[in-house]
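This briefing goes through one protein model by topic. Please keep the sequence and the coordinates open while reading.

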Amino acid sequence: MPMELPTDLTPELVPLYWLLGRWEGVGVLGYGDIEQQQFAQEVNFTHDGMPFLKYSAQSWLIDDDGNKLRPLSWESGVWQLDREHNDADGGPGMIPADIVPALTSAEDVEKLRNKDDGFDIIANVLHPGGISELYVGQVKGPRIDLSTDAVMRAPGAKDYRAATRMYGLVEGDLLWAWDIAALGRALESHASARLKKSA
């Protein structure tokens, strides 16, 4: 399926445009002694003219026939290019941005290209249970590699220290893999899925 670049997309989101839309599919999870299980997932990447993508993902445990058994997880966040912010950007808090976007052209965005011919990105991901992750990484073509720069946990949260994630567009599908260091264990494979774009 050919991908079309949205005409209302701010220039700095062009390197991430291939993520836009609703994606659905199935995957496999497990970790340490936890038995492997299948799950269904819906992932949404949207934008509203601001220089970031809104992200949400909801997952359900499923049986061998693909029937949903119960909710599994939910997370949300913000994904964007990692760059120096200025008066054209909003914040902190609700301090309004200038009317003109900080990056107004493809040439402005190209100046952010890194030595690996990609773009540095950040992703903030929030989970129920008092856990918030700050990922740093790179988007290079239709592939994203992320690793946690910080994991914040509430006093009652479960042990969770680090993670890596990889996303890629393969034959029109969104493939992802997630490794975690949690529950006293070292970084190891946790979950992966193949998602198809929904109409």
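The model is predicted. The protein has 1 helix and 10 strands, and the 10 strands form a closed barrel with antiparallel pairing.

**Overall fold and dimensions**

- Read from the N terminus, the order of elements is β-β-β-β-α-β-β-β-β-β-β.
- The radius of gyration is 18 Å, close to the 16 Å that the globule rule gives for 199 residues, so the protein is as compact as a globular protein of that length.
- Along the principal axes, the C-alpha atoms fill a box of roughly 50 × 45 × 30 Å.
- Of the 199 residues, 39% are buried.
- Among contacts between residues at least 6 apart in sequence, 44% join residues at least 24 apart.

**Barrel and strand pairing**

- The strand order around the barrel is S1-S2-S3-S4-S5-S6-S7-S8-S9-S10. Neighbouring strands of this sheet are turned by 25° against each other on average, direction ignored.
- Strands S1 (residues 21–31) and S10 (residues 188–197) are antiparallel and share 7 bridges. In this region leucine 29 stands opposite alanine 191 of S10.
- Alanine 191 in S10 is also the bridge partner of tryptophan 178. The antiparallel strands S9 and S10 are joined by 7 bridges.
- S2 (residues 34–46) and S3 (residues 53–62) run antiparallel and are joined by 8 bridges. Valine 43 has alanine 57 in S3 as its bridge partner.
- In general, strands of a sheet pair through backbone hydrogen bonds.

**Nonpolar core**

- The largest nonpolar core has 41 residues, and Leu19, Phe45, Trp79 and Ile144 have the most contacts inside it. Strand S9 (residues 173–182) gives the most to this core, with 5 residues.
- What does phenylalanine 45 contact beyond its neighbours within four places in sequence? Its partners are Leu19, Leu20, Gly21, Trp23, Leu53, Lys54, Tyr55, Trp79 and Leu174.
- In soluble globular proteins, nonpolar side chains tend to be buried together.

**Valine 28**

- Valine 28 lies in strand S1 and is partly exposed, with a relative accessible area of 34%.
- Not counting residues up to four places away in sequence, valine 28 touches Gln36, Gln37, Phe39, His190, Ala191 and Ser192.
- Valine 28 and asparagine 67 are 39 residues apart along the chain, and their C-alpha atoms are separated by 15 Å.

**Backbone exceptions**

- Most residues other than glycine have a negative phi, and most peptide bonds are trans.
- The peptide bond between glycine 91 and proline 92 is cis, with omega about 0°. Proline 92 sits in the loop between strand S4 (68–81) and helix H1 (106–110).
- Aspartate 117 has a positive phi of about 70° and is found in the loop between H1 and strand S5 (119–127). Its relative accessibility of 45% makes aspartate 117 partly exposed.
- Leucine 183 has a positive phi near 55°. This leucine 183 is in the turn of the hairpin formed by S9 and S10, which has 5 residues between the two strands.
- Is leucine 183 buried or exposed? Leucine 183 counts as exposed because its relative accessibility is 51%, and exposed means over 50%.

Terms used
Residues are numbered from 1 along each chain as its sequence is written. This is a predicted model: local features need pLDDT of at least 70, side-chain atom pairs count only at pLDDT 80 or more; totals for chains, interfaces and linings use all residues. Side-chain values use heavy atoms; hydrogens and water are left out. Two strands pair if DSSP finds at least two bridges between them. Helices (H or I, at least four residues) and strands (E, at least two) are DSSP runs, numbered from the N terminus. Axes are lines fitted to C-alpha atoms, for helices over the stretch in contact, and angles run from 0 to 180 degrees between N-to-C directions. The radius of gyration is taken over C-alpha atoms; the globule rule is 2.2 Å times the number of residues to the power 0.38. Buried means under 20% relative accessible area, exposed over 50%, partly exposed in between (1.4 Å probe, protein chains only). Contact means heavy atoms within 4.5 Å. A nonpolar core is a set of buried Ala, Val, Leu, Ile, Met, Phe, Trp, Tyr and Cys residues joined through side-chain atoms within 4.5 Å.
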